[in-house]
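Subject: The structure, and some notes to read beside it

Hello,

I am handing over the structure we spoke about, together with some notes on what was found in it. Please keep the sequence and the 3D view open while you read.

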Amino acid sequence: MNIKGKNAIVTGGGRGLGKAVALILAKEGVNVGITGRNVENLKSTVEELKSLGVNAAYAAFDVAIEAEVQKGIADLAKELDGVDILINNAGIGNFGSIEEMPSKTWEEIMQINLFGVYYAAKAVYPFLKEKGAGDIVNVASTAGLKGGPNMSAYAASKAAVVSLSQSMMAEWRKENIRVITLTPSTIASDMSIDGGLTDGNPETVLQPEDFAEWVRDILKMNRRALIANASIFSTNP
Ligand SMILES: NC(=O)c1ccc[n+]([C@@H]2O[C@H](COP(=O)([O-])OP(=O)(O)OC[C@H]3O[C@@H](n4cnc5c(N)ncnc54)[C@H](OP(=O)(O)O)[C@@H]3O)[C@@H](O)[C@H]2O)c1
């Protein structure tokens with residue numbers, strides 16, 4: 001399917017996986033609104049997107065605060081003139097044992113990774129409904145499929161995203177909205193390298209570009225086809 005001329009919002013689009021997705025969509029001729037908290041990253045990414053010949057804008061807000069999400073999404077929808085695609089990508093990785101991680105940190109991870117995804121999808125939904133079609137890509141993680149040591153908060157937040165996303169899919173597919181739940185394994189980014197999960201070696205470890213190509217290809221499938229759940233792994237890291 002040709003996605004040229006569509007409008008996408010990518011949360012966490014100023015760096016990492018979100019930025020790679022924003023750039024690859026722009027190369028397909030998709031207009032892109034990006035969100036995040038770091039205004040410098042957002043501004044420079046918007047310049048890169050515009051240099052690819054598409055309309056691009058940013059909104060700076062914290063995905064953990066519903067009123068900010070609603071305003072930021074509405075501003076971007078206005079600027080782009082509607083929304084067709086949401087890449088629900090913003091998230092944090094914070095790792096530590098159950099007894100050592102402060103409860104406040106645990107709560108913050110849930111608030112950003114779970115509530116952020118919920119708030120953004122809820123804010124975008126009326127715009128997709130207005131168009132009579134749309135796509136929502138919720139970025140969970142393989143950590144959401146199975147818990148493990150030192151990742152109780154992250155894994156629980158991503159397991160909740162998987163479940164939330166599956167419920168969204170069941171509710172909204174009848175309105176021609178494809179809700180796609182992605183569970184990627186480790187990909188080289190600030191989160192995975194700073195978190196000590198990988199050295200990010202481009203010879204062996206998934207790169208943000210691999211993730212972006214995957215998302216692009218899923219979005220380009222004929223509208224009758226919905227990839228409901230999918231994982232991606234490095235072949236032999
Ligand atoms: N990298 C991996 O190995 C991997 C694997 C599976 C799933 N994932 C998931 O993929 C997504 C992107 O991860 P990444 O690797 O690209 O991480 P990253 O490089 O650390 O980037 C995180 C992004 O999320 C944004 N963000 C974080 N907290 C936010 C908040 N409270 N409000 C608004 N924006 C916020 C950041 O924007 P600002 O810096 O502007 O705040 C940034 O753009 C996450 O949901 C992550 O859990 C990653």
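The notes below begin with the ground rules and then go through the helices, the ligand shell and some single residues.

This is a predicted model, in which local features need a pLDDT of at least 70 and side-chain atom pairs count only at pLDDT 80 or more, while totals for chains, interfaces and linings use all residues. Residues are numbered from 1 along each chain as its sequence is written.

The record

The UniProt record, in an unreviewed entry, places the feature "domain: Ketoreductase" at residues 6-183; such positions are given in the numbering used here, feature names are shortened, and annotations may be inferred rather than shown by experiment. That span is 50% helix and 19% strand, and its end C-alpha atoms lie 25 Å apart. Helices (H or I, at least four residues) and strands (E, at least two) are DSSP runs, numbered from the N terminus.

A word on burial comes first: a residue is buried if 20 or more other C-beta atoms lie within 10 Å of its own, exposed if 12 or fewer, and partly exposed in between, with the C-beta atoms placed from the backbone. Ten of the twelve residues of α1 are buried, so this helix is largely enclosed by the rest of the structure; among them are G16, L17, G18 and K19. The end C-alpha atoms of α1 are 17 Å apart, which agrees with the 16 Å that its twelve residues should span at 1.5 Å a residue, where the expected span is 1.5 Å times one less than the number of residues. After α1 comes G29, whose phi is positive, near 90 degrees.

Helix α2, residues 39-50, also has its length given: from its first C-alpha to its last it reaches 16 Å, close to the 16 Å expected. Which residues of α2 are buried? They are L42, T45, V46 and L49, and they cover an arc of only 105 degrees around the axis, which puts them on the same side of α2; the arc is that of the directions from the helix axis to the C-beta atoms. In general, an α-helix has 3.6 residues a turn, so residues three or four places apart point the same way. On the other side of α2, E40, K43 and E47 are exposed. The cover over the buried residues of α2 includes α1, β2 (31-36) and β3 (56-60), where contact means that the C-beta atoms of two residues, placed from the backbone, lie within 7 Å.

Helix α3, residues 66-80, reaches 21 Å from its first C-alpha to its last, close to the 21 Å expected for its 15 residues. Its buried residues are V69, G72, I73, L76, A77 and L80, and because they fall within an arc of 135 degrees when seen down the axis, they line one face of the helix. The face turned away from that buried side carries the exposed residues A67 and K78. The buried residues of α3 are covered by elements including β1, β2, β3 and α4 (103-131).

The ligand shell

Of the 28 residues around the ligand, G12, G16, G36, G91 and S189 come nearest; a residue is near a molecule or strand if its C-beta atom, placed from the backbone, lies within 6 Å of it. Both α1 (16-27) and α6 (190-194) supply at least two residues each to this shell.

G12 itself lies in the loop between β1 (7-11) and α1. Is G12 buried or exposed? It counts as buried, because G12 has 29 C-beta neighbours inside 10 Å. Leaving aside residues up to four places away in sequence, G12 touches G18, T35, G36, N89, A90 and G91.

Two residues with a positive phi

D81 has a positive phi of about 70 degrees although it is not a glycine, and its place is in the loop between α3 and β4 (85-88). D81 counts as exposed because it has 9 C-beta neighbours inside 10 Å. N150, which is not a glycine either, has a positive phi of about 65 degrees and is found in the loop between β5 (134-139) and α5 (152-172). With 16 C-beta neighbours inside 10 Å, N150 counts as partly exposed.

Best wishes
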